[in-house]
Amino acid sequence: MSPRDRTPAGTGPERDRPSPLGELLLGAQLALRGGREVVLRSVLTAIGVGVATAGLLLAAGLPTALDHLAERNAARMDHQAAPHPAPPAGDDTLLIGIATTVHEGQEVHGRLLRAEGADPPLPPGVTEIPGPGELLLSPALADLLDAPGTEALRSRFDHPVVGEIGPEGLLGPHELAYYLGSEDLAVENAGIRITGFGGESGPVVRGPVVVLLGLVGVVVMLTPVVVFLGAAVRFGGEQRERRLAALRLMGADRRAVRRVAAGETLPGVGLGLVLGALFFYAGRPIVETVGVGPGLYAGDVAPHPVLGALVFAGVPLLALWVVLASLRGVVVEPLGTVRRAERPRPRVWWRLLLLVLGVVLIWLSMDLRTAGRLGLPGGGGLPMTAIGLLAALFGTTAVLPWLVDRLFRRASGGPLALQLAQRRLAAAGGGPTRAVSGIVVTVAGAIALQSLFANAWADASVTLADTAQEAYAENEFGSSRFQVQAELWMPPADDDPAGTVARVPGVEEAAAFRTVWGATGDGTDVPVHIADCDVLRQMADLPACSPGDVFSALPGLGAGDTLMVRPREDATESPWVLPPVSGFEGALVEHPWSATGHTARDVVLATPEAAAVPAEIAVRSTIWIRADPAVPGMEEGLRHTLGSLDPTSRLTVPITTVVNPAMADIRDALVAGALACLAVIAAGLVVGTVEQVRERRRVHAVLTAFGARRSTLVASVVWQTTLPVLLGIVLATAVGTALGVMVQRVAGLPVRFIPVETLVIAGAGVGVAALTTLLAVPALLRTMRPEGLRSE
């Protein structure tokens, strides 16, 4: 055999290269069978991915929760969907009376019910119409009535409780609501005849500023979760990179290394998705304990099918993208990775590009016409704002590693603990900063959101007076300087309602009169106020008054004329033959908020002796009240007293500020979202810090063995977290303030700054970081034991 025909020494038949599936399986085996430390890091990754997935599923359930809330609100609509004109009474009709009130600033939804036949419509959540004097309560109102210190409210609902309103009849578990059976309710007083419940559901969120607030809130709440997800899949990144670099040096090509890395990531991500679903469904009952507005039921928080599918598809894709994007050093310089050579310095151009892109998009969205020219729909400014915010917030987290590298790569001096922290920050690349990126982006987004909300709140609220005393003084009317008005639509439980009201602490004077509507022969409608002479003199400048007198300057109205009187529109009319009518001049005294400009020429004033009006007709009463707002509990006492006289009564009191109710709902929702976001970020930061500590376990054990003090190592870890946090908070404050200014311009609001709120938010971010670092100290102390010197 010639030398040419011989097989060279050391060579043989070419081995089959593993298939792509085999390389994925190899990576999975490394994650599951690569030793205790590798498995533990996979578990930590799964926990981090699970926490982030639970947060994303919670956000994916927001549309469903709003839909359920709107459906329940529409299902119990009554007077809004009542037929007009009212149908005749029948077996399938029901009379309702609006008895909604307020207790210590919280609305109490109430209705009076009276069945007119054997088959009345049932409100949602009710199985049977309560009988006269019987009460149905929501669970929250029942608990409130049983609580100490609610004796006054309890006296108002001094009726036998015969049942509970079901969840389908309530907006949420914390809503205060009741149904009270009444035998006095009629269409002649406060009754509204209906044939069923339910109406069309409308959007829960209305108004462009409110929509923008909700959009910014969602972006701000979700961005930290996504940032933390990206950090979670890189737990144990240094060891993984060295293993993959070793494979690269053994002959694996770039694609093979990437497939092995993907296979090593997928078990942790897959387990994280399962844990995320378990965290989400196990934590749903917590939603019912959040006392924001009426609250939400656990069943309301269900991921929207499309959004839920996007979460379960997007989380693995995002995880793979993050891992593969981090392998540049492994596939290009594997030897340097194995030898732990100095890492290349982070580049800044693409990091700043994200910030600039975000700013440009938000600037473009300031002008919706610009959005239209770009081919976006009429509301195109909102998507541009959302994308711009996302880019700017992600750019903030991307710039942080570069800043840390610039500041601490050549830093020196200071205590030993500080020097150790600086060297770790310089040598570890973006590892330590990834653990705090969630805090940084949360602070930046929260400052921008709070800037917009504070400005929108100021724009949506109108300050009428600085103090309650000033508000009462500005609303005085009549010679007795009344400030408060109460309206009773049903026969009061007391024959002297004014006297009953006058006994409330803080009430100085009360005057009552009744009102009916009269139609003249030519069809002219005029209000008829019935009261004794003392009260009539408060209402107008009258000549001498005595029982039996009637006063009016209505043209053509005189003795012997007949007025067809009724308590309200579409109610039964009764004839009233007028006695002699005395004229008067001038305008009628009215409450400032309900003034209609009545004068002597379009009103009739009558004493009770002259007004021969049937009792079932003259049922609406009005009480004017002079009160001292400085007396504690005066307004609550008035509401309880009036509610005892007539559950359908309405009280009008002077107020200092008028606020758009939608803004209060947005405020409550933002508070709940911020708490949920902070909980996710805090949990993730604890896991991330523990992972960082375990990654340095052998270094800590070696330093301890060589005599380093434990206090020094603990302080170095604290510094290692504190320095990036402080730097990130400064960056986040600057970026958040700038974004706040821009979103205010998008909303068309004047620019306002919130220095106090900014300091509070920044302080909260530092506090959360400090707390989570302290929670990781026990794990740090365990790494200093001699067992940490062993290596697998």
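View 1. Leucine 739 touches Ile362, Leu389, Ala392, Leu393 and Ala448, where residues up to four places away in sequence are not counted and contact means heavy atoms within 4.5 Å. The structure is a predicted model, in which local features need pLDDT of at least 70 and side-chain atom pairs count only at pLDDT 80 or more, while totals for chains, interfaces and linings use all residues. Residues are numbered from 1 along each chain as its sequence is written, and side-chain values use heavy atoms, with hydrogens and water left out. Leu739 is, with Leu213 and Val315, among the residues with the most contacts inside the largest nonpolar core, which has 83 residues. Such a core is a set of buried Ala, Val, Leu, Ile, Met, Phe, Trp, Tyr and Cys residues joined through side-chain atoms within 4.5 Å, and buried means under 20% relative accessible area, with exposed over 50% and partly exposed in between (1.4 Å probe, protein chains only).

**View 2. Packing of helix 2 on helix 8.** Helix 2 (residues 36-60) and helix 8 (residues 254-287) pack at an angle of about 45°, with their axes 6 Å apart; helices (H or I, at least four residues) and strands (E, at least two) are DSSP runs numbered from the N terminus. Axes are lines fitted to C-alpha atoms, for helices over the stretch in contact, and angles run from 0 to 180 degrees between N-to-C directions. The angle makes helix 2 oblique to helix 8, given that angles under 35 degrees count as roughly parallel, over 145 as roughly antiparallel, 65 to 115 as roughly perpendicular and the rest as oblique. Residues of helix 2 including Ala46, Gly50, Ala54 and Leu58 meet residues of helix 8 including Gly268, Gly272, Gly276 and Phe280.

**View 3. Packing of helix 1 on helix 2.** Helix 1 (residues 20-33) and helix 2 pack at an angle of about 100°, with their axes 6 Å apart, which makes helix 1 roughly perpendicular to helix 2. Leu30, Ala31, Leu32 and Arg33 of helix 1 make the contact with Val38, Val39 and Ser42 of helix 2.

**View 4. Backbone at Arg481.** Arginine 481 lies in the loop between helix 17 (468-474) and strand 9 (484-488). Although arginine 481 is not a glycine, its phi is positive, at about 55°. With 49% relative accessibility, arginine 481 counts as partly exposed.
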